[in-house]
Each structure stands twice: as structure tokens, then as C-alpha cells.
Amino acid sequence: MIPLKVSDLKQYAYCPRVVYYQYLMPVEKKTTFKMDYGKIEEARIDKLESRRKLKRYGISEGERIFHHWISSQRLGLSGKLDLLIKTEKEYFPVDFKFTDGKPQRNHVYQLCGYALILDDVHQTKVTKGFVYLIPKDDAVIFELSDPLKQDAVKMINDIREMIGTERMPPVVENRNKCYDCEYRNYCGDVF
Ligand code: SF4
């Protein structure tokens, strides 16, 4: 089984070609600014937990594990969680984003990937995940439903098929995504 990363789900949901390039045509990407926000996370998470909308999940009593590697042999999937909150009853994956913008569909699939691994490894059922928007000090909660998880499993299978057949996916439907794409120089058919 081809081992995959949770971040592949996020990127595949953004544009399947990004994952194609990463696995089948490793190319030099445009460098992008990456902020080292490791240090500010722990201070800010306290604020996050005090927010009323999150209190009801009891996450302030939960154990927090930052930068947590998780992996499922059965799924052939692994990834590094920004934060895992573990309460008496539930596990909550949390992903940190250094952006003001609303989290998109691809971020939800990333959370789903973490949820699938946690479900498998801990024999649990993760039902919610959070995207924490660092500049806004706010968190967006996502329901991680069974149909969404099934979509994520299908996506995992599709990625493996794409890699196995080495078939390049078509250009992404929403061409606006191409403007900021690290791989734009390699997609000659985009504009
Ligand atoms: S330039 Fe557009 S089609 Fe090409 S990889 Fe990026 S988002 Fe996908």
C-alpha cells in the first residue's frame, strides 16, 4: 500500500494535481513564507479554551498534546497534528492556520484524515475538529460526520489510484486557485 500523509488529503481537495506533482514529478516549488508559530500556540490556546462556544466540549479539562504524530497502519496514513485535545470522552484534532480567511473544504478533509487515524488507533469516534485561526484568536468547529469520513476514505483511494496509474489530473475547475499556486509554472495548460 502506498503510504500517504494527511496533508495529501488537504492538497488533493484543493487541487489533485498538487499531489500528483509531489509524488510523481518532484519539482522545485516557489518558496512560500512559513511562520514559525510554535511558540505562540500554547499561550493562545488558553484564550481559545475560555471561549464560550468551546467550553461546552469540556476541552479545558482535556489533556493537550502539541505536535503529535499519529499513524494508522491499516489506512496507510500518517500525519502530525498541531494539537490533539483528549478529554475523558473524546478526542479533538486541532489544526492551526496563520490566516484571517475562513477555513475551506480542504481543511475539513485534513481534519477528517486525522479523525480517521484516531478512530482506528484508539477505537473511538471523533465527531468534531477545530481549525484555529491564529491572527483572529478564534476557532472554527467542524462536524466530522460519517459521510464526510467516507468521502475522505474515497479520496485516499483516489490518490492511490492516481499515483498507481501515473495519470495527471485535469486542471482545477476554479482557476483562481492557480494564481497563488506553488506549481503554477509547471501547469502550462492553466492560462
Ligand atoms: S496551477 Fe492550478 S491546476 Fe496547476 S497545480 Fe496549481 S492549482 Fe492545480
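I took angles under 35 degrees as roughly parallel, over 145 as roughly antiparallel, 65 to 115 as roughly perpendicular and the rest as oblique.

I noted that this is a predicted model, in which local features need pLDDT of at least 70, side-chain atom pairs count only at pLDDT 80 or more, and totals for chains, interfaces and linings use all residues. Residues are numbered from 1 along each chain as its sequence is written.

**Helix pair.** I looked up helix α1 (residues 6-14) and helix α5 (residues 105-122), whose axes come within 8 Å and cross at roughly 155 degrees. The axes are lines fitted to C-alpha atoms, for helices over the stretch in contact, and angles run from 0 to 180 degrees between N-to-C directions. Helices (H or I, at least four residues) and strands (E, at least two) are DSSP runs, numbered from the N terminus. I therefore recorded α1 and α5 as roughly antiparallel to each other. On the α1 side, the contact (C-beta atoms, placed from the backbone, within 7 Å) includes Val6, Leu9 and Tyr14. On the α5 side, the residues include Arg105, Tyr109 and Tyr114.

**Leucine 4.** I found leucine 4 in strand β1 (residues 4-5). Leucine 4 counts as buried because it has 22 C-beta neighbours inside 10 Å; the cut-offs are 20 or more other C-beta atoms within 10 Å for buried, 12 or fewer for exposed, and partly exposed in between, with C-beta atoms placed from the backbone. Not counting residues up to four places away in sequence, leucine 4 touches Gly76, Leu77, Ile156 and Ile159. I also noted that leucine 4 and glycine 79 are 75 residues apart in sequence and 8.7 Å apart in space, C-alpha to C-alpha.

Technical notes:
Contact = placed C-beta atoms within 7 Å.
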